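Please look over the sequence and the structure shown here before reading on.

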Amino acid sequence: MSIHKFDVKKLEKLNNPERLNMLDLNKIITELDLPTKSTLVDIGAGTGIFSEKLLNLIPDSSCYAFDISEEMIEWMKLNRINNLESRLNVGLMDENKIPLKDDKADLAFMITLHHELENGGELLKDVNRILKDSGKVLICDWKEGKHHHFVKKECIINDLKHANFKDIKEIESSEKLVCIIASKQ
């Protein structure tokens, strides 16, 4: 696996609404069975397109959207926050450190990010830290052969195990992406 970081000069590619059609988000939400008034965390949020979509699908929820790119954070501040009536908070993060307190989130999600990580297991340890006891993580990334940047499903599962996640299972909700859900406990 070679590490690839997204080129922020191609920011508009992340905003393509077709990206939302890659996933059956309704099926994923049903499978996640989140509590009402959930706190979501979008890790590697990019432009926040998935943050906004999930907030619209889960109306009583709030979301923290984090990225390592200051350009992405500024873009979200200018283009996403006003649309979401203070339900979206954005912030800068280090690659393996999420700036939230322990036991804060019901769901952390990463969409087409895992292949960009130098050490997925280390980031997932921090994801585990910020999740409530009943919290879950959702990782969706390119299937092998569907994109020139991908990570093998087995690698994602190993990273989840390394970070002490349980009940790891794949959900069939995309032709192009492997989608894996795991629980903190």
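Predicted model: local features only at pLDDT ≥ 70, side-chain atom pairs only at ≥ 80, totals over all residues.

Residues are numbered from 1 along each chain as its sequence is written, and side-chain values use heavy atoms, with hydrogens and water left out.

**The sheet**

An open sheet is formed by 7 strands in the order β3-β2-β1-β4-β5-β7-β6, with mixed pairing. The edges are held by β3 (88-92) and β6 (166-171), each with a single partner strand, so one side of each has no neighbour in the sheet. From one strand to the next, the twist averages 20°. Helices (H or I, at least four residues) and strands (E, at least two) are DSSP runs, numbered from the N terminus. Two strands pair if DSSP finds at least two bridges between them. Strand β2 (residues 62-67) pairs with β3 in the parallel sense over 5 bridges, and D67 stands opposite L92 in β3.

**Helices on the sheet**

Contact means heavy atoms within 4.5 Å. Angles run from 0 to 180 degrees between N-to-C directions, and axes are lines fitted to C-alpha atoms, for helices over the stretch in contact.

| Helix | Strands | Angle |
|---|---|---|
| α2 (residues 25-32) | touches β4, β5, β6 and β7 | about 150° with β5 |
| α4 (residues 70-79) | lies across β2 and β3 | about 160° to β3 |

**Helix α6**

Buried means under 20% relative accessible area, exposed over 50%, and partly exposed in between (1.4 Å probe, protein chains only). In helix α6 (residues 153-162), the buried residues are I156, D159 and L160. Seen down the axis of α6, they fall within an arc of 100°, so they line one face of the helix. The arc is that of the directions from the helix axis to the C-beta atoms. These buried residues pack against α5 (120-130), β5, β6 and β7.

**Aromatic pair and cysteines**

The structure holds 1 aromatic pair. Y64 and F66 form this pair, which is stacked, at 6.2 Å centre to centre with 0° between the planes. Rings of Phe, Tyr and Trp (its six-membered ring) pair if their centres lie within 6.5 Å; planes under 30 degrees apart count as stacked, over 60 as edge-to-face and the rest as tilted. Both Y64 and F66 are buried.

A disulfide is a pair of cysteine sulfur atoms within 2.5 Å, and the count by this rule is 0. C140 is in no disulfide, and its nearest cysteine sulfur, that of C179, is 3.1 Å away. C140 is buried at 0% relative accessibility, and C179 is buried with a relative accessible area of 0%.
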